[in-house]
Amino acid sequence: MAAAAAGLSWRRVSSFTGPVPRSRHGHRAVAIRELLIIFGGGNEGIADELHVYNTVTNQWFLPAVRGDIPPGCAAHGFVCDGTRILVFGGMVEYGRYSNDLYELQASRWLWKKVKPQAPSNGSPPCPRLGHSFSLYGNKCYLFGGLANESEDSNNNVPRYLNDFYELELQHGSGVVGWSIPVTKGILPSPRESHTAIVYCRKDVGSPKMYIFGGMCGCRLNDLWELDIETMTWSRPETKGTVPLPRSLHTANVIGNKMYVFGGWVPQSAGGEISAPDGEWKCTGSFSYLNLDTTEWIGLISDCQEDKSNLLPGPRAGHCAVAVGTRLYIWSGRDGYRKAWNNQVCCKDLWYLDTERPLAPSQVQLIRATTNSFQLKWDEVPTVEGYLLQLHADSPVPPVAGIPGTGVPETAVLSSQGGCSLHQSPHSLPSIPYPEMKVDHPSQANNLIPNNVQVALPSSSKVEGKEKVAAPENKVTQETMKNHTDATGFKESNAPSVLPVCTSSAQTSANVGELHDLDKKSVNPDASVSSTVSSAQTMVTQQAVKTESSSTNGAVVKDETSLTTFNSKSEAAETAYVMPSTRVNTGQTNDSHSSRAPQRPPVKTRDRRWYDVGIFKNNSAVVSQFYLLPEETLNINSKTEGADVPDYRLLKKQDLFPGTVYRFRVAAINGCGVGPFSKISEFKTCIPGFPGAPSTVKITKSVDCIHLSWEPPASPSGNILEYSAYLAIRSTQLQENPSQLVFMRIYCGLKTSCIVTAAQLSNAHVDYTSRPAIVFRISAKNERGYGPATQVRWLQGKVTVTHS
């Protein structure tokens, strides 16, 4: 089956920087978040360096390792447990086989040689290479490999192994010891250069280890299963076409599939597979085994030759690593045959997206103006861009083939909902990166390379029929009943929380709130570089969570998990649309944009989604969107790969002041556009009202806290007063947790106030992400109160007294 027919889209990485490792085979690799960590292998000598590749920045680097640095090795065991990596056995210098065990703490790049206890019922594993070493829970499983019967490493008398060991790990660092489990059933036959993976079905929950292929005098293609709970070996029956016998291939689990790539396979001639002692060759074949149904599916056949360089070439002894749903392949032997008596190693790095990306988080607001929004959403790993769409709570003027329209009666949520892959950002210690210059012209203007081909829905139907809840947050006690906001409504009738949040690329869903520290600050209106220049900068970035609440600014009808965002300057935030077209950032050269847009009369509700653009990064400044001709509105109904509209030929529509816009975003990878996020709803500001206060600081004292802030960047006149509020406990919160109830704790001209212990004793502790106390601060000018800045003050051990 051809790769194109299978829907595969391999990409060769060509723009990496840093010290690229020399090509090799017999090396091993693991992934820690977005990092590929490669060790060992050989090509004109065994390699002993540890190389790291950052899949986000396309950079190679050599970390400064220390401690008990192991010698170079090849065909070794290599597994990753959090940020701990274990290396066992392999071939070391002078052709000697090893049974040494090393541990690398990648959070500190610290090596340590560990000496596990010998098993109580036998000898420890003998020196070997080509074994499998698999991790599940707190145990590693060692199977098979090749041993040398001769004590002289130059006189190799091979012995194929099928012994099975269990290595128990200590939590955090270190190991307990080896054991030899008592197993049921028939052990797999001896072998080396096979693969082993562990998979646990979600519905059944019983972990299984699968061993495939390998070498034992001849190449094998048998599949073995070990039930880890019962320690029972079996030979599962499979459906489909079993891949050819092979060794030195790779196997990786992504979802419920085991992807098998490359290796040495028998040479076939005229459809006949050669005898076991006959010719053999490297292959570029690619298959997967559905681990739920045990069905083999061929994706690239053994006989398929790619002459267009669209597929990774044949290879064996390479490494393959899964990062999320993306599979990376690097180096390996290329075309070694006995008759040639030589070998060449590949130098290429490839990746394949195996599934469409998950839905991003709900779009969040950083800042709203009268005619633009600065937006962000959580990053989705291993994607090439994001498609941002909107529809408006006002009619869209007709263009060629488009009648005047409005907005839907009810907002709709995607049935797949929002999804974040950063749900446990603190589960792994941070990994230090070397200081180096990052040269990424594409990041400066948010561009996606022109050669990325994706099918983009321009007016997608959104699945599901859930209505977006629109709770109204009532401000209790002092509710500013006499304060009329920008829309003419009383503040006590204000819609729900309006998050304005600022965040860096390094932060994720529940990182970046204001800890119980002496002084941390955030400036939601500041235009600052997103580059982390020092550890102190990162601490400050991760210190505050800001949100916004206002009837003048944006309205979020479905409260989301927010993060801090260190925003780039608006001039640097440029949307990329295919082909390359700038989406204006609020300052445009178009002649019509200098005038206030004329709002057509509302006649119908607009049920169409309009493209804002395709963005390289997870942020955007939106001041316009694209009006699509009638014939392209149903692009979703076309087949995958339908032509993307040429945005350069489309008319753009400016945003209107005081208008509600609904946003959704979808991630794009090599498989296409994924599901859309939940819908967010924001409102552009009405001219004349002040912006939100910025640079909120909280300083803790013994019996109170000191709250201070900076005036709005855009006061739109003289500031008459500020109001600060504290979220308090209320019976309304028990009935509807999304409805925060606020008490005013300050009103005046000063940009600071004292919050007493008595006032804090009434505080509501928000547990939506981490325990936090919530404050809001807003400014008032001649027109009224503008949007509020909301700050979540993180609590360690909750010390707020509940009377």
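**Close-up views of a predicted model**

View 1. In β17, Arg219 is the bridge partner of Met215. The model is predicted. Strand β16 (residues 207-215) runs antiparallel to β17, with 7 bridges between the two. Their hairpin has 3 residues between the strands, and Gly217 has a positive phi near 85 degrees there. On to strand β18 (residues 232-234), the pairing with β17 is again antiparallel, over 3 bridges. Leu226 has Trp233 of β18 as its bridge partner. The hairpin of β17 and β18 has 4 residues between the strands, and Met231 takes a positive phi near 55 degrees. Of the 9 residues of β17 (residues 219-227), 8 are buried, so the strand is largely enclosed by the rest of the structure.

**View 2. The aromatic pair of Phe88 and Trp178.** The model holds 28 aromatic pairs. In this one, the ring centres of Phe88 and Trp178 are 5.3 Å apart and the planes meet at 65 degrees; planes over 60 degrees apart count as edge-to-face, so this pair is edge-to-face. Phe88 belongs to strand β8 (residues 84-91) and Trp178 to strand β14 (residues 175-179), so the pair ties together parts 90 residues apart in sequence. Phe88 is buried, at a relative accessible area of 1%, and Trp178 is buried at 7%.

**View 3. The aromatic pair of Tyr626 and Tyr647.** Tyr626 and Tyr647 form a tilted pair, with 4.8 Å from centre to centre and 55 degrees between the planes. Tyr626 is in strand β41 (residues 624-627), while Tyr647 is in the loop between β41 and β42 (651-654), so that the pair links parts of the chain 21 residues apart. Both tyrosines, Tyr626 and Tyr647, are buried.

**View 4. An aromatic cluster and two charges over rings.** One aromatic cluster is formed by Trp10, Tyr259, Phe261, Phe286 and Tyr288. Elsewhere, Arg235 lies over the face of Trp224, 5.0 Å from the ring centre. Arg664 lies over the face of Phe676, at 3.9 Å from the ring centre.

**View 5. The surroundings of Ser23.** Ser23 sits in the loop between β1 (10-12) and β2 (28-32). Its relative accessible area is 10%, and under 20% counts as buried, so Ser23 is buried. Leaving aside residues up to four places away in sequence, Ser23 touches Asn43, Ser331, Cys345, Cys346 and Lys347.

**View 6. Confidence along the chain.** The chain has a mean pLDDT of 74, with 66% of its residues at 70 or more. Residues 1-5 have pLDDT below 50, and this stretch has 13 contacts in the model beyond near neighbours in sequence. Over residues 398-606 the pLDDT stays under 50.

Terms used. Residues are numbered from 1 along each chain as its sequence is written. This is a predicted model: local features need pLDDT of at least 70, side-chain atom pairs count only at pLDDT 80 or more; totals for chains, interfaces and linings use all residues. Side-chain values use heavy atoms; hydrogens and water are left out. Buried means under 20% relative accessible area, exposed over 50%, partly exposed in between (1.4 Å probe, protein chains only). Contact means heavy atoms within 4.5 Å. pLDDT is the predictor's confidence in each residue, from 0 to 100. Two strands pair if DSSP finds at least two bridges between them. Rings of Phe, Tyr and Trp (its six-membered ring) pair if their centres lie within 6.5 Å; planes under 30 degrees apart count as stacked, over 60 as edge-to-face and the rest as tilted. A charge sits over a ring if NZ of Lys or CZ of Arg is within 6 Å of the ring centre and within 35 degrees of the ring normal.
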